[in-house]
There are 2 protein chains.
Amino acid sequence: MHTCKGFAGAAVAAGIKKAGRPDLGLIYSRVPATVAGVFTTNKVQAAPVQLDRQRVKAGTARAIIVNAGNANCCTGKQGLEDAATMAGCVARDLGIDPAQVLVASTGVIGQFLPMDRIKGAVCDLVRGLTPEGLDDVARAMMTTDTFAKLSVRQPGVNGTAFTVLGMAKGAGMIRPDMATMLCFVVSDAAIAPEVLHQVLTRATDASFNRITIDGDTSTNDTILVLANGRSGVNVDAGPGLEAFDKALHEVLMDLARQVVKDGEGATKLVEVKVRGAGSDAEATLVAQAVANSSLVKTAFFGQDANWGRILAAAGRSGADFDPAAVDLFFNDVRLVEAGTWCGPDAETRATAVLHQPEFSVTVDLRAGTGTAEVLTCDFSLDYVKINADYRS
Amino acid sequence: MHTCKGFAGAAVAAGIKKAGRPDLGLIYSRVPATVAGVFTTNKVQAAPVQLDRQRVKAGTARAIIVNAGNANCCTGKQGLEDAATMAGCVARDLGIDPAQVLVASTGVIGQFLPMDRIKGAVCDLVRGLTPEGLDDVARAMMTTDTFAKLSVRQPGVNGTAFTVLGMAKGAGMIRPDMATMLCFVVSDAAIAPEVLHQVLTRATDASFNRITIDGDTSTNDTILVLANGRSGVNVDAGPGLEAFDKALHEVLMDLARQVVKDGEGATKLVEVKVRGAGSDAEATLVAQAVANSSLVKTAFFGQDANWGRILAAAGRSGADFDPAAVDLFFNDVRLVEAGTWCGPDAETRATAVLHQPEFSVTVDLRAGTGTAEVLTCDFSLDYVKINADYRS
């Protein structure tokens, strides 16, 4: 059970997903909160993303309503009206300004929201708000996720504690280029909007922008942070800012790891580390190419230390390096030295690493000082099963 | 049974692949032939690619030795020596200059070739050369391919016929950026090296550079064309050049289609057509993003007309367009008009299209006149099975 001063949450089953599971959630701050958001860079942007992008500019917000089962994307003017209506219903029942309500949706693209069911459910949702209800929101926004993703930090500044509580949903269509599917963070710290935006952007770059499940950037990627100041701790500068920055980084990184660990069909969590590149940008090219390669990811699933596929992916990444100089490690086992295989003993030890549920791959290009890290997962039979059947 | 004047072929089982299947092939021209080649753009290049890249500069060649089961890639100096030794053995037994022998390898990356077995098999290989043996080479270079890929055209010029006979192997690690895994073409036309190179480059761009199976560019991609002039037809210019150019384009396009159709685990052959883009380059970005999307390809496998995933892939491609203007078709069924769904009737007809083994997806961005086409396949359970178990 996670709580954060001045925030309440609730979830109900509105009949958007099948089978009566909770699919509509609400996060509410009892006082106006500072807000910041980062959103998908996909040209195709869901209606709630378009709405929130405008509304966060105000710098404050009170509530986030989120549904799973339908992304409200590629739904034209009707979709935008529906998103605004969702926010409007919440505002009416809470007695607050509709412009202070943000909206998020996740699920199938291209279908209209069942607005009658949503309108009918908002009253119950508002009535159900409790300080202990935030966990329920994390569960309500799950689609093919197998567990709810929550993370909390409670640092202290000058003897007073504040809370940073985050939740996320992931699973598929994950190669964030700005944010992942949906992530909401609430905090009772006091912070100015421009400071919050800066901290959030840095933390997102260091966490969600470094994970991939299938290389597909979603149309609904959204991170929203609400900070309502109820802890009495101001974190605009000094030790407060340091503590808040550290807590937000840790919460987002923890959630990002959970998202990859729960990637559709995933059985392995793999950290792809690149070092010795000509620049950090070239290191990122290599790390992304390796982390997104279907051949590399199916080999992870097969627990096969198939280093040739990793070098081949690096080779097509666009980065400049000499293949005859490259070293490659699984955890601390060196399997490739100066571009060639280290032999059967190293192979045996590397294969043992691949049998672990979490491990790292390090590619040392020995061409410079650039580094990058990307978290990825394997590519399993269940990924194909889940995505072949998704709409049916 | 395919033949081409002045060419012979042979294949033997040298024990490189498991289970006694043919794995070593030889193509031989009884007279020096004009040669041209295009090779992988991957920074990691197999030893035979490095060797051939140098040797084709001479403009003539006599033979190609090819093995499956081992890519001779990431094998350092030993690999380069092994490739040269393979060519040397062939040259010795044929009594020709070693520099006139080209080498190609396909299979697992990072292992040394079993040179004793190869050296022991070359004598039988040379002794087995027959004009009817070219089909055997196409079979010997198969890895996870399920059928041999051959294509032939026999145009006439001024009453005299000549032959363009091509063979290819594909299956996985296919997203050519210059050529696909291996493709050899023999012709009895007479042509100058520089003309052959030009024709080959254009034909490759129009065929193998427009297919994808899994987005992974191979380290061994090689296309080699040998033209020995034995038909007596010169195709350096005029109607001869036109006929040769057309025949080579058709042969490469036919082989490229066969490669995608036989993609690892593939059950669907899908033509992704993009029109109305701001430029041909932007159309290509969209076509490649759609054709390589794991989510789009698993939906093809599930026979699901999941147009939202197609628009989402287009949206992250980097191309500029207005999502609210886009039309989308499966064959001639329009499922999306101006960015939104055309309703249940269109959905039913689109789903029927998805149940066919071959179909097209057309994305009309309505932003300009740029077009592109890419051939792809679906992403099936068998792709994962094949690639999880590949080295074991």
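The structure is a predicted model, for which the predictor reports an ipTM of 0.71 and a pTM of 0.75 for the complex. Across chain A the mean pLDDT is 87, with 94% of the residues reaching 70 or more. An exception to be kept in mind is the segment formed by residues 176–180 of chain A, where pLDDT stays under 50, although the model has 27 contacts beyond four places in sequence for these residues. Where pLDDT is low, the predicted coordinates should not be read in detail.

In terms of secondary structure, chain A contains 11 helices and 16 strands. The radius of gyration of chain A is 22 Å, close to the 21 Å that the globule rule gives for 392 residues, and the chain is therefore as compact as a globular protein of that length. Taken along the principal axes, the box filled by the C-alpha atoms of chain A comes to roughly 70 × 55 × 35 Å. Of the 392 residues in chain A, 62% are buried. When contacts in chain A between residues at least 6 apart in sequence are considered, 81% of them join residues at least 24 apart.

Two residues illustrate the local setting within the chain. Ser360(A) belongs to strand β15, which spans residues 358–364 of chain A. The relative accessible area of Ser360(A) is 10%, and because the cut-off for a buried residue is under 20%, Ser360(A) is classed as buried. With residues up to four places away in sequence not counted, Ser360(A) touches Glu271(A) and Lys273(A), as well as Phe329(A), Phe330(A) and Asn331(A).

Leu94(A), in turn, is found in helix α2, which covers residues 76–94 of chain A. Its relative accessibility is 16%, so that Leu94(A) also counts as buried. Apart from neighbours within four places in sequence, the contacts of Leu94(A) are with Tyr28(A), Ala63(A), Val126(A) and Leu129(A). Leu94(A) and Asp205(A), which are 111 residues apart in sequence, are separated in space by 34 Å from C-alpha to C-alpha.

Note on methods
Residues numbered from 1 in each chain as written. Chains lettered and ligands numbered in written order. Predicted model: local features only at pLDDT ≥ 70, side-chain atom pairs only at ≥ 80, totals over all residues. Heavy atoms only, no water. pLDDT = per-residue confidence, 0-100. Contact = heavy atoms within 4.5 Å. Helix = DSSP H or I, 4+ residues; strand = E, 2+ residues; numbered from the N terminus. Rg over C-alpha atoms; globule rule 2.2 N^0.38 Å. Buried < 20%, exposed > 50% of the residue type's maximum accessible area, 1.4 Å probe, protein only.
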